[in-house]
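Subject: Structure handover

Hello,

Here is the structure we talked about. Please open it and keep it on screen while you read my notes.

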Amino acid sequence: MTPFTTLTAVAAPLDIAKIDTGMIVPGRFQRLPRRAGHADYARVFLHDLRFDAQEQPRADFILNQPVYQQAGILVTGPDFGCGSSRESAAYATLDFGVRALIGASFGDVYRGNCMQNGVLTIVLPQPVVAGLMAQLQAAPGARMTVDLPQQIVTAPDGATHAFDIDATRKERLLEGLDDVGVTLQHLAQIEAFEKQYRADMPWLAPIL
Amino acid sequence: MSAPLSLFDRVWARHVIVPNPGGEELLFVDRNLVHDGSTFLAFDQMRSEGRTVRKPKQTLAVTDHYVPSAQRATAPASIANAEIRRVVELLDINAREFGIEHYGVHDARQGIIHVIGPELGWTQPGLLIACCDSHTATHGALGALPIPIGQSNQLRHVLATQTVWQKKPKTLRITIDGVLPAHVSAKDVILAIIARIGIGGAVGHAVEYAGSTIRAMSIEGRMTICNMSIEAGARIGMIAPDDTTYTYLHGRPFAPNGNNGADWDRALAYWRTLPSDADARFDRELSLNASELAPMVSWGTSPEDSSPISDSVPEPASVTDAEKRGRVQRALDYMKLAPGTPLASIKIDRVFIGSCTNARIEDLRAAAAVIQGRRATIPAMVVPGSTAVKRQAEAEGLDQVFLAAGFEWRDASCSMCGGSNGDLVAAGQRCASTTNRNFEGRQGPGALTHIMSPAMAAAAAVTGHLTDVRTL
Ligand code: SF4
């Protein structure tokens, strides 16, 4: 995972009330291998919103505007990433080039997957998100800054908004820590647990 | 006296290895289930990192999402779509390489992952069951603690460590009391719950379903309820084990049976300690009266967009919340439905009876009872939830009932639930479906999905429109 510290990038206002993970990556792309370079997953991000049936970019879709080609931050509608737990949704978000999402609420599973893959999801109160959305719509291509160490988002107008993030997620994002490595630091405790568990529940022996 | 605990609290506590400062806890995973979805991503990453599966015996793999529902004898070689064929083959290759037991295309134990776990007794009360799928809560119907995980990073973590980091959710008890009216099933109960609390209504909560209605329900019905916890926003849904559970489990392949039955007795004694204490506290409570429920159908693009069949398509104008109004309007546009249309007048193009929500033997019996002696007037198919369910149905003659009525009788797979294997609803086609999701494009691009119970789907197959099974 690439560490996440501070990000300043073009922020795109994705003003759609609900985007579920099936819209982030339509089901028919579920079997897509994620090859080196990750171009395939960048392509399928919000695929059916971005492309028509002939695979042509939809001119009226916001992310297809030239000014958002380099968008690194998305400001999202109130219900983003709910639905199926497909982790490809997080891959696609990352591979499209988005490192931070700012919205009022995110699907639990999607949010966890994003964090695991180095994409920071920031929850702010809906009025604040609406304010950011309005600023970005008024100034297409405006940039925002996300400062993870300070837990602060800086809006295009310079206003700052503090956000919460749990300490573990923050630490792992900051250090780009591999989750398996972190867990295996506890291997002795895991083994001790398993030994006691097996002793307490001997009927589980065939599969323990 | 120790503090009163809920079923969820008790099983959760039993699996905590160590907490971390961020408020997550490292939980021991008893059993892990892997399907053919995008799980190759996890194995790819493991391989590139040189990792092995830490406890291969505690993982079981089965192919379900991508296997064909027809022409199975020659699969996977005969799967025309090379990408789909590759995914089916990859699970086999990965399972072999990593030393995991795998039920492949031709295995008698094959089926949808959430159907075979309980069916084989792999799922048991008090065990933590991890599975790389949204509908893992199904396993909670037996009193297991279900933990849905991602198909790549999180699955890789479980495979490599046999543990999972989780933040303990809050608890919500939904109590359903009373006797369900005739033709009102578990599916109608859960759709009524979701319609009431909304698709995000239980986010951040582990749900326990309780009450006399649940106690009177079969394990199959309980699984239908728990299955759709995620459609209410909850990742975890559980039901306390009871004699119905123990009777269901006894003698199943993975059920405890060693030491001349002593293992079963010891397990049973433990299981009986699990149900919530009478004075256990829940962060939220909700109750429902079963006798007031009616057969439900969905009209929109979220499971919460469900109403009793006697209702009409809602008027967006009458929705007071502006945001919800916009969403309802968008749903109706997608579904090509005019406000005020009586639900029972909506014409249907095809019927799908299947999925981990409603493709167990009891579901097939319910559908068969409705179509017995009748004929489908539109294309309809039944895809049993597992190969064992299929065999059982055939032993009972249900296949003949379906075939005589003009239904297709397919092989166990996820099939048209999400269309991964190519069983798609065509764009613009309207499908009466026993599945759990009616999101835009869920059954195929432009597909229009109405979710309902097996009996209601069977009734729609007979009349060609949404139909109140009670009036058929
Ligand atoms: S039947 Fe549908 S919901 Fe269930 S596991 Fe398969 S695709 Fe998922």
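Between which domains of chain B does the ligand lie? Domain 1 (7-168 + 251-266) and domain 3 (298-471) of chain B both give residues to the shell around the ligand, so the ligand lies between them. Domain bounds here come from an automatic or database domain assignment.

First, some ground rules. This is a predicted model, in which local features need pLDDT of at least 70 and side-chain atom pairs count only at pLDDT 80 or more, while totals for chains, interfaces and linings use all residues. Residues are numbered from 1 along each chain as its sequence is written, chains are lettered from A and ligands numbered from 1 in the order in which they are written, and side-chain values use heavy atoms, with hydrogens and water left out.

Next, confidence. The pLDDT is the predictor's confidence in each residue, from 0 to 100. Chain B averages 96, and 100% of its residues score at least 70. For the complex, the predictor gives an ipTM of 0.95 and a pTM of 0.84.

**The ligand shell**

A residue counts as near the ligand if one of its heavy atoms lies within 4 Å of it. The residues around the ligand include B:His65, B:His114, B:Asp133, B:His135, B:Cys356, B:Cys414, B:Cys417 and B:Arg442. By class, the shell has four nonpolar, five polar and two charged residues. Ala, Val, Leu, Ile, Met, Phe, Trp, Tyr, Cys and Pro count as nonpolar; Asp, Glu, Lys and Arg count as charged; the others, Gly among them, are polar.

**Chain A**

Chain A holds nine helices and nine strands. These are DSSP runs numbered from the N terminus: helices are H or I with at least four residues, strands are E with at least two. The C-alpha trace spans about 65 × 40 × 30 Å along its principal axes. Of the 208 residues in chain A, 55% are buried. Buried means under 20% relative accessible area, exposed means over 50%, and partly exposed is in between (1.4 Å probe, protein chains only).

The domain assignment gives chain A domain 1 (6-177) and domain 2 (178-208). Their centres, taken over C-alpha atoms, are 37 Å apart.

Now find strand β1 (residues 6-14) of chain A. Seven of its nine residues are buried. Two strands pair if DSSP finds at least two bridges between them. β1(A) runs antiparallel to β7(A) (residues 143-147), with five bridges. There, A:Ala9 partners A:Met144. β1(A) also pairs with β3(A) (residues 73-76), in the parallel sense, over four bridges. In that pair, A:Ala12 partners A:Leu74.

A:Pro78 sits in the loop between β3 and β4 (79-82) of chain A. Contact means heavy atoms within 4.5 Å. Leaving aside neighbours within four places in sequence, the contacts of A:Pro78 include A:Ile16, A:Gln126 and B:Glu323.

**Chain B**

β1(B) (residues 16-19) and β2(B) (residues 24-28) pair antiparallel over three bridges. B:Val16 stands opposite B:Leu27. Four residues lie between the strands of this hairpin, and B:Gly23 takes a positive phi near 90 degrees.

Last stop: B:Thr341, in the loop between α11 (322-335) and β15 (350-353) of chain B. Not counting residues up to four places away in sequence, B:Thr341 touches B:Ser312, B:Val313 and B:Ile346.

Best wishes
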